[in-house]
Amino acid sequence: MGVVQSSSERDHNSDADRDSFRRLTLPWVEFQFFDEHSVGDLYRRVEDMSLSAVVYASNSLFSPAIFEASRAAAPCIGRAVNNGMGLVVLQQFLPPDVVRTCDFLPMPHQIEYRGVRDCHIKRVQVNERAIDVHGRAALTLGTDRFGTRSPTLWSEVKPAFRGEWRPIATVELRNTRKVDVILRSRTPRARLIVSALPLDWLADEALLGYVIARAVRSRGTLYLHPDGESVANDVSMQLAFGQAVLQGGHLSHHSIRDPRDVQVRDTPYRHFSHLLFSPRWNWSDLSALRSEGTKSRLENEGSITAHAGTFSDGHPLLVTVGGRPPYLEVADRFANWLEVNAERFRDAPTSPLRALAVAAVAIESAAADTDAVPRSMSVEEVRNYLRSYVVRRRQGRDNVDGHVLPTAAIASAMELLRFPSEEIAPLRSWIERGDYASSTASLQQALLWLPGLRLQRPRAVVRSIDKVYDDLLTVREEGHTSSSLSRLCAILSDGEAPISLRAIIAENLTEGCDAQTLARVAGSARTLQSDLEQSLDAGHPPLEAVCLIVATLIRIRSRSGLQSSFRQIKLEESQAQRTVDLRRDLESMKQHVADNAEVLAATQNSGRRFVGSLVVAAATILGLAFVLLLDHVTADLSTWIEIALPVLLTFTAMAAYLGARAARVGCEPRWLRAFRDFMQVGGEP
């Protein structure tokens, strides 16, 4: 691991030495130190992928040499991070209101440090998922454990894309404001971590050890073997060791008595994404690894390697299970498509809206680790994106357009996306009251979409589509023993049936079904994958069908077991990624425009108040002067008119001039603008 420190900081600050890193008891981590004089060598190591992670120590980026070298090395830093290198940025002191943008980080995870003043820390709240590297105790940080440093926040971290980060620690300031001060990326194993606290300067080093262990986890391989075992003569192990240390990977070993001793959520196993087992054991001995912890490891690009036996010539068969699980590969493919086509859902009917919610919930339910879910497909992200659509369609009423189908679709989507129950209850109540005219199919779909709906099941089943939904309701009640299942599977097997109908049937049958029903659906819907690919590439894709097929495939694949696979990057995926990058650029630009608009609005408000006050003051002074003149001068009416007229004209000209000048920067008060327009003086500034 490379640690970048400022020699100037190290020479003047007793806390900024190398001992804070050397004291960490992380035997699998070796620290190599760099400063502004050797930062070029650091980035050559980064380019060669010979480092597992890089740490920017506190105030290191305050050095112009280090900061400019980092910006110049942005392309190689981005490639290294995308290939799995970890990166940690600790506190960067800045004077108040001074901003330093870390634009050398990959686009989705760019941040800026912004200097703040008078921010005394009242308390620190550490996320419960942050646990000690040597045990299972949850980490805490008291303000009395800052050592010789006062508990003060000198800068804040502002992510360019807030949804790409999750907080590790939050501080409460004396003014009761809460600020996220340590953030981890939503990349596999959260290998990018930024902090507004000087973790390397604190007396309590537990959080520093935690963030460093997280940063190098994805590059680590742990070899598990019995006591006293020698692997020098096993060529397969030697080859695996060599592969483990390629491209910044690191290798450690640990002795165990039996594979059943391995608990992947405990120390030291949780600090390594890749486990390599001795030839003493094969895959049949690893039953203890069938757990949610192992599944989470594989979802985050981890792997497990063990022997599966030998060939007839005695050569070993070494098998690795790793790579992205099949259900998350479907999620990744869909997420790339959604980044490009998300706007289509804002103008779509309500059924595609509900289908998108179904897909998001299916992905989140299948994943053992929510951070492994693509950002655009998280339930929180989809809920925030569709909230304005839901509000626009409801218009504050207890129904949507006075019809059952759109009302049920919106209610179901809100339930799936976990909207507050008090917002959903009026929609359910309206459907249950029955004060409407509706088709049989609409009522059947409402029953399918809204479990527990107090609505009588329609008995007048006449049309073919009514029979399909009636069969779906029957299968939901009776399970795989129902004769209705055979009729529905026949439709799924019929390649001539509309893709939208097959998608609806497949999704409804796989939702909360038993294993037998799932197997029959999987056997009958073998063309769904090709249907999905064709729909994703279509110029006008069927939105509802795409989402429902994605949900179906994720449910089937998540229950079919984990498989090892090689990922091939297709041309259209790289094009989609470029589109995603452009959308992120646009999102970042919009955020900067919004921030600047707030500053401009505040400036204009101050200007309006100043101009208004100036005019009022001038009018008051002129009025008082005129009153004094009346008291001390005796004259006839014509004389007073001759005196008052120039005063009035002067005041009017002054007001018009101030209005014209203020209008140039948008600071003209409304009353002054109305007065100037009424007098038709000034015109276009």
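Reader: Let's start with handedness: in what sense does helix 10 pass helix 12?

Author: Happy to begin there, with the reminder that this is a predicted model. Helix 10 covers residues 350-366 and helix 12 covers residues 404-416, and their axes lie 8 Å apart. Where helix 10 passes helix 12, the crossing is left-handed.

Reader: Are helix 10 and helix 12 roughly parallel or roughly perpendicular to each other?

Author: The two helices pack at an angle of about 20 degrees. Angles under 35 degrees count as roughly parallel. Helix 10 and helix 12 are therefore roughly parallel.

Reader: How many nonpolar residues are in the contact of helix 10 with helix 12?

Author: On the helix 10 side we find Thr 350, Ser 351, Leu 353, Arg 354, Ala 357, Val 358 and Val 361. They meet Leu 405, Pro 406, Ala 409, Ile 410, Ser 412, Ala 413 and Leu 416 in helix 12. By class, this contact has one charged residue, three polar residues and, to give your number, ten nonpolar ones.

Reader: Is Thr 350 buried or exposed?

Author: Thr 350 is found in helix 10. Leaving out residues up to four places away in sequence, Thr 350 touches Tyr 389, Arg 393, Leu 405, Pro 406, Ala 409 and Ile 410. Its relative accessible area is 6%, and under 20% counts as buried. So Thr 350 is buried.

Reader: How is helix 4 oriented relative to helix 5?

Author: Helix 4 spans residues 64-72 and helix 5 spans residues 74-82. Their axes come within 5 Å and cross at roughly 70 degrees. That makes helix 4, relative to helix 5, roughly perpendicular.

Reader: Which residues of helix 5 does helix 4 meet, and how many residues of that contact are nonpolar?

Author: From helix 4 come Ser 70, Arg 71 and Ala 72, and they meet Ala 74, Pro 75 and Ile 77 in helix 5. The residues of this contact divide into one charged, one polar and, for the class you asked about, four nonpolar.

Reader: What about helix 16 and helix 17: are they oblique or roughly antiparallel?

Author: Helix 16 (residues 484-493) and helix 17 (residues 499-510) have axes 9 Å apart and pack at an angle of about 135 degrees. Roughly antiparallel would need an angle over 145 degrees. That makes helix 16, relative to helix 17, oblique.

Reader: How many polar residues does the contact of helix 16 with helix 17 have?

Author: Leu 485, Leu 488, Ile 491 and Leu 492 in helix 16 meet Leu 501, Arg 502, Ile 505, Ala 506 and Leu 509 in helix 17. By class there are eight nonpolar residues and one charged residue.

Reader: Turning to the backbone, what is the phi of Asn 59, and where is Asn 59 found?

Author: Asn 59 is buried, with a relative accessible area of 7%. Its phi is positive in a residue other than glycine, with a value near 70 degrees. As for its place, Asn 59 is found in the loop between strand 3 (53-56) and helix 4.

Reader: And what is the separation of the C-alpha atoms of Glu 301 and Gly 323?

Author: Glu 301 lies in the loop between helix 8 (292-299) and strand 15 (303-310). Glu 301 has a positive phi, near 70 degrees, and is partly exposed, with a relative accessible area of 46%. Glu 301 and Gly 323 are 22 residues apart along the chain, and their C-alpha atoms are separated by 5.4 Å.

Reader: Which peptide bond is cis, with omega near 0 degrees?

Author: Look in the loop between strand 13 (250-255) and strand 14 (274-277), the place of Pro 268. The cis bond, with omega near 0 degrees, runs from Thr 267 to Pro 268.

Reader: Finally, what percentage of the residues of the protein count as buried?

Author: The secondary structure comes to 23 helices and 16 strands. Among contacts with a separation of 6 or more, 69% are between residues 24 or more positions apart. Of the 685 residues, the share that count as buried is 51%.

Notes: Residues are numbered from 1 along each chain as its sequence is written. This is a predicted model: local features need pLDDT of at least 70, side-chain atom pairs count only at pLDDT 80 or more; totals for chains, interfaces and linings use all residues. Side-chain values use heavy atoms; hydrogens and water are left out. Axes are lines fitted to C-alpha atoms, for helices over the stretch in contact, and angles run from 0 to 180 degrees between N-to-C directions. Helices (H or I, at least four residues) and strands (E, at least two) are DSSP runs, numbered from the N terminus. Angles under 35 degrees count as roughly parallel, over 145 as roughly antiparallel, 65 to 115 as roughly perpendicular and the rest as oblique. Contact means heavy atoms within 4.5 Å. Ala, Val, Leu, Ile, Met, Phe, Trp, Tyr, Cys and Pro count as nonpolar, Asp, Glu, Lys and Arg as charged, and the others, Gly among them, as polar. A crossing is left-handed if the near helix is turned anticlockwise from the far one by less than a right angle, and right-handed if clockwise. Buried means under 20% relative accessible area, exposed over 50%, partly exposed in between (1.4 Å probe, protein chains only).
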